[in-house]
Amino acid sequence: MSCQYLRFEFMLKCLLRIVSLSKLHILLLFPFLLLSFTAHSQTEVSGDVSGRWTIDGSPYLVTDTVVVQAHDTLWIDPGVEVRFLNQDERETEFIVVGTLNALGTEDDSIR
């Protein structure tokens, strides 16, 4: 079962416990909850990058060449997924001039 599904299920259970809603209200709210949950579950990146890529922003969609500049650091947390989108048959590059720290685990790899 994916982490995204578990987080959504947890969010829905919390909503049901906090607010006493009828089944009709839940059915009416469900599409909006789903849209708000999935809208924040991916991040498009290109150009200069630094900071930390977390599981909350995953998957990271590389839409054009990304560069970690000199004196900058990019951390990629375990479990993060990075997808390279090849647009217009161009090569998409990941250039590291600064520092890249990306260390997954056996159970929680970076994909």
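**Close-up views of a predicted model**

**View 1. Strands S1 and S3 run side by side.** Strand S1 (residues 43-48) pairs with S3 in the parallel sense, over 5 bridges. Strands here are DSSP runs of E with at least two residues, helices are runs of H or I with at least four, and both are numbered from the N terminus. Two strands pair if DSSP finds at least two bridges between them. Within this pairing, look for Thr43, which stands opposite Tyr60 in S3. A word on what you are looking at: this is a predicted model, in which local features need pLDDT of at least 70 and side-chain atom pairs count only at pLDDT 80 or more, while totals for chains, interfaces and linings use all residues. Residues are numbered from 1 along each chain as its sequence is written, and side-chain values use heavy atoms, with hydrogens and water left out.

**View 2. The whole protein chain, for orientation.** You can count 2 helices and 7 strands in the protein chain. Starting at the N terminus, the elements follow the order α-α-β-β-β-β-β-β-β. The protein chain has 111 residues, and 21% of them count as buried, a word that means under 20% relative accessible area; exposed means over 50%, and partly exposed is in between (1.4 Å probe, protein chains only). Among contacts (heavy atoms within 4.5 Å) between residues at least 6 apart in sequence, 49% join residues at least 24 apart.

**View 3. Strand S3 and its other partners.** What share of S3 is buried? Of its 9 residues, 7 are buried, so S3 is mostly covered. S3 pairs with S5 in the parallel sense over 3 bridges, and Leu61 has Arg83 in S5 as its bridge partner. S3 also pairs with S6, again in the parallel sense and over 3 bridges. There, Val66 stands opposite Phe94 in S6.

**View 4. An open sheet of 3 strands.** Here the strand order is S2-S4-S7, with parallel pairing. Strand S2 (51-53) and strand S7 (99-102) stand at the edges with a single partner strand each, so one side of each is left without a neighbour in the sheet. From one strand to the next, the twist averages 15 degrees, an angle between the N-to-C directions of lines fitted to C-alpha atoms, on a scale from 0 to 180 degrees. S2 and S4 pair in the parallel sense over 3 bridges, and Gly51 stands opposite Leu74 in S4.

**View 5. The largest nonpolar core.** This core has 11 residues in all, among them Val45, Trp53, Tyr60, Leu74, Ile76 and Val82. A nonpolar core is a set of buried Ala, Val, Leu, Ile, Met, Phe, Trp, Tyr and Cys residues joined through side-chain atoms within 4.5 Å. Strand S3 (60-68) and S4 each supply at least two residues of this core, and S3 gives the most, with 4 residues. Not counting residues up to four places away in sequence, Val82 touches Trp53, Tyr60, Val62 and Arg111. In soluble globular proteins, nonpolar side chains tend to be buried together.

**View 6. Aromatic rings around Trp53.** The whole structure holds 3 aromatic pairs. Rings of Phe, Tyr and Trp (its six-membered ring) pair if their centres lie within 6.5 Å; planes under 30 degrees apart count as stacked, over 60 as edge-to-face and the rest as tilted. Trp53 and Tyr60 form a stacked pair, 4.6 Å centre to centre with 10 degrees between the planes. Trp53 counts as buried at 5% relative accessibility, and Tyr60 is also buried, with a relative accessible area of 5%. Trp53 and Phe94 form an edge-to-face pair, 6.3 Å centre to centre with 80 degrees between the planes. Because Trp53 lies in strand S2 and Phe94 in strand S6 (residues 94-96), this pair ties together parts that are 41 residues apart in sequence. Phe94 counts as partly exposed, at 26% relative accessibility. Together, Trp53, Tyr60, Phe84 and Phe94 form one aromatic cluster.

View 7. Pro59 lies in the loop between S2 and S3, and the peptide bond from Ser58 to Pro59 is cis, with omega near 0 degrees. His71, in the loop between S3 and S4, has a positive phi of about 70 degrees although it is not a glycine. Most residues other than glycine have a negative phi, and most peptide bonds are trans. Is Asp77 buried or exposed? With 17% relative accessibility, Asp77 counts as buried, whereas His71 counts as exposed at 84%. Asp77 sits in the loop between strand S4 (73-76) and strand S5 (82-84).
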